[in-house]
Amino acid sequence: MNDYTHNSGDDALKRLQAVRQRTDAACHQARRESHTVSVLAVSKTWPAAAVHGMAMAGQTSFGENYIQEGVDKVVALRALLPDRPLVWHCIGPIQSNKTKLVAEHFDWVHSVDRLKIAQRLSEQRPSHLQALQVCVQVNIDQAATKSGSSLGDATALAQQIHALPNLVLRGIMCIPDSVEGFDAQVAAFERATALFKQWQQAGLAVDTLSMGMSGDMEAAISAGSTMVRVGTALFGARQYAG
Ligand SMILES: *Cc1c(COP(=O)(O)O)cnc(C)c1O
């Protein structure tokens, strides 16, 4: 776990405001209303104290990549801030043996890329909880090495998720290959946007395009992102990759 003791509460507020300024400016550039883009704070590798600081600064939605680490923080934050329910998003790869933990502890999952995982999440969602909010992770670069549903398979998967009882299909998540230059970044994100629009035209009630991170959120917003997933710009540089 990264050491967070050097970061004060003031720092969390400043970083949150700086990120919001970036998303507001990008919205302005793209002639979009600021409220159409939300910020998901990606707290992977940072301790519960860091999430607590960011929550006290006003942030309510947090994203985690590693399931067990995320669950530990969900539980810790419920004890630290019992009166302030946070919204937890699972954004990392999910193995079959981890679906139960995800179904029991998270509110959203951005990284569903195959039917088997979706079915297990729906079956394992506890009945006292709201339906799990789901995005299909789409491999928009068609890279063989990357997780995510292929562009060709994603629409069928979306329809299958839509039909599952304890899941609500919300949209698409993507992580494009990093490319140099704003226009090239926008072009990559626009492949996800095009698919998203196809789904809407086909009658799927999707409203979430989860794309853009600390380094490319402006391009993602220009291409239509509704949710940017921001780690480094909010919490600082992570000490190990993830
Ligand atoms: C780590 C991560 C992020 C945040 O990346 P930063 O560059 O630190 O903002 C966003 N999305 C996913 C899926 C991630 O794994």
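Which polar backbone atom is 2.8 Å from an oxygen atom of the ligand? That atom belongs to G231. Keep in mind as we go that this is a predicted model.

**Around the ligand**

The side chain of N65 has an N or O atom 2.7 Å from an oxygen atom of the ligand, and R229 puts a polar side-chain atom 2.8 Å from a ligand nitrogen. Here are those contacts side by side:

| Residue | Part of the residue | Ligand atom | Distance |
|---|---|---|---|
| N65 | side chain | oxygen | 2.7 Å |
| R229 | side chain | nitrogen | 2.8 Å |
| G231 | backbone | oxygen | 2.8 Å |

On its own, the ligand has 390 Å² of accessible area, and the protein covers 90% of that. There are 13 residues around the ligand, and the ones that come nearest are K44, N65, S214, T232 and R238.

**Two loop residues with a positive phi**

Now for a couple of backbone details. R31 is not a glycine, yet its phi is positive, at about 55°. You'll find R31 in the loop that runs between helix 1 (9–29) and strand 1 (38–42). T45 isn't a glycine either, and its phi is also positive, near 75°. T45 belongs to the loop that links strand 1 with helix 2 (48–56).

Are these two buried or exposed? R31 has a relative accessibility of 80%, so it counts as exposed because the cut-off is over 50%. T45 has a relative accessible area of 0%, so it is buried.

**The whole chain**

Time to zoom out. The chain is built with nine helices and eight strands. Along its principal axes, the C-alpha atoms fill a box of roughly 45 × 45 × 30 Å. How does the radius of gyration fit with a compact globule? For 242 residues, such a globule would come out near 18 Å, and the chain has 17 Å, so the two agree.

Of the 242 residues, 51% count as buried. As for the surface, the chain exposes about 11,200 Å², and carbon and sulfur atoms supply 51% of that area. Finally, take the contacts between residues at least 6 apart in sequence: 64% of them join residues at least 24 apart.

Notes:
Residues numbered from 1 in each chain as written. Predicted model: local features only at pLDDT ≥ 70, side-chain atom pairs only at ≥ 80, totals over all residues. Heavy atoms only, no water. Near = heavy atom within 4 Å. Polar contact = N/O pair within 3.5 Å; in protein donor to acceptor, adjacent residues only side chain to side chain. Areas by Shrake-Rupley, 256 points an atom, 1.4 Å probe, with all protein chains shown as cover. Helix = DSSP H or I, 4+ residues; strand = E, 2+ residues; numbered from the N terminus. Buried < 20%, exposed > 50% of the residue type's maximum accessible area, 1.4 Å probe, protein only. Rg over C-alpha atoms; globule rule 2.2 N^0.38 Å. Contact = heavy atoms within 4.5 Å.
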